[in-house]
Amino acid sequence: MENFYLIYGTNKGLITEETKKIIHSLKEADIIKYDMTNTLIEDVVEDASTVNLFHPKKVIILEDCYFLGGNKTIEHLEKMEQYIEHYNSDSYLIFICNAEKIDTRKKINKLLSKHKVIEANKVDKTFLEKYVMNNLKEDGYKIENLSFFLERVGSNLNNIDNELEKLKMYTLATKKITKEDITKTTTKVLEEEIFSLTDAIILKDTKKSLELLDSFLNLNYDEMQIIILLANQFHFLFQVKRLWNKNKTESEIAKILEVNPYRVKYSVRKIYSYSEQLILENIKKLAKIDHDIKLGLMNKNLALRLFILY
């Protein structure tokens, strides 16, 4: 076991999971938490240096270590740097930085890199499968169709946890989760993620668009499937925009298009910032991409990324 862990990233669910794993590996240890936005470095150092009277081990979690990234700093950081070089072997410190990157030029990050550094930004399919299986195994549950479950609920760990709790309650008597159970109790998240991806593309939020695209690909969605989903969503937005401009109400639009009112409600909130011309341009671009891919003129992955970028 390392005495120092640095976990950084923007995926809060993954940060929580990694923190739990570290704590679980250190059995019979006191857990102490500090919010570093209102804690003095010297207080943490003193706590880490002090011998624990009740348990031989002590885990100290330093939340929101903003000073590890960017140009931000904290007073007396050198005291922590000195402690890392000469530490109490019975104390285990977990530094959590809620940022996509850390500043590797900083001395403290160089010192921590000699121990254990964990990135918590993206999650892949293998991680998600293991995460779900471990969660179910702890309570003695078995699942019949794991891939189907992940396709429905997506890659957000908080959402996965919520959906698993629903499934556990529903199958409490048998502790065996079937495909039918998944269909009955879970909420399909694909539609909401397509909303988010479409929105990010229109707003030219390239970073978010590519992250959402990767999350679809990690769940084994083919690029052609994503292109079709996007084209359908842009076409839907165009229809909603036209009907809304004709003074139709949300309920009237939902009835005319024969769709869930929630989908219309969400779209109406968005179309104020979308022009009909902009929506049509994206539909035409997707049609051309589809045509070029089918003729073998473009690689489907490259075509989709170029659509997002330009």
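User: Where is K204 found?

Analyst: Helices (H or I, at least four residues) and strands (E, at least two) are DSSP runs, numbered from the N terminus. On that basis, K204 is found in the loop between α9 (190-202) and α10 (206-218). Residues are numbered from 1 along each chain as its sequence is written, and side-chain values use heavy atoms, leaving out hydrogens and water. The model is predicted: local features need pLDDT of at least 70 and side-chain atom pairs count only at pLDDT 80 or more, while totals for chains, interfaces and linings use all residues.

User: What is the phi of K204, and is this residue buried or exposed?

Analyst: Its phi is positive, about 60°, although K204 is not a glycine. For accessibility, buried means under 20% relative accessible area, exposed over 50%, and partly exposed in between (1.4 Å probe, protein chains only). With a relative accessible area of 53%, K204 is exposed. E28, in the loop between α1 (12-25) and β2, likewise has a positive phi without being glycine, near 55°. At 66% relative accessibility, E28 counts as exposed.

User: In what order do the five strands of the open sheet lie?

Analyst: Two strands pair if DSSP finds at least two bridges between them. Here the order is β2-β3-β4-β1-β5, with parallel pairing, in an open sheet. The edge strands, each pairing on one side only, are β2 (29-35) and β5 (116-119). For angles, axes are lines fitted to C-alpha atoms (for helices over the stretch in contact), and values run from 0 to 180 degrees between N-to-C directions. Neighbouring strands of this sheet are turned by 15° against each other on average, direction ignored. Strand β1 (residues 4-8) pairs with β5 in the parallel sense over four bridges, and L6 stands opposite V117 in β5.

User: Which strands does helix α2 touch?

Analyst: Contact means heavy atoms within 4.5 Å. Helix α2 (residues 41-49) packs on the sheet, where it touches β2, β3 (57-63) and β4 (91-97), and its direction makes about 165° with that of β3. Helix α3 (residues 77-85) also packs on the sheet, touching β1, β3 and β4, at about 135° to the direction of β4.

User: Which residues of α3 are buried?

Analyst: They are L77, M80, E81, Y83 and I84. Seen down the axis of α3, these residues fall within an arc of 160° (taken over the directions from the helix axis to the C-beta atoms), so they line one face of the helix. Their packing partners are β1, α2, β3, β4 and α4 (107-112).

User: How many aromatic pairs are there?

Analyst: Rings of Phe, Tyr and Trp (its six-membered ring) pair if their centres lie within 6.5 Å; planes under 30 degrees apart count as stacked, over 60 as edge-to-face and the rest as tilted. By this rule there are five aromatic pairs. One of them joins Y66 and F67 edge-to-face, at 5.5 Å centre to centre with 80° between the planes. Y66 is partly exposed at 25% relative accessibility, whereas F67 is buried at 0%. The ring centres of F216 and Y221 lie 5.7 Å apart with planes at 85°, so that pair is edge-to-face; F216 and Y221 are buried. F4, Y83 and Y87 form one aromatic cluster.

User: Over which ring does the charged end of K179 sit?

Analyst: A charge sits over a ring if NZ of Lys or CZ of Arg is within 6 Å of the ring centre and within 35 degrees of the ring normal. The charged end of K179 sits over the ring of F148, 4.8 Å from its centre.
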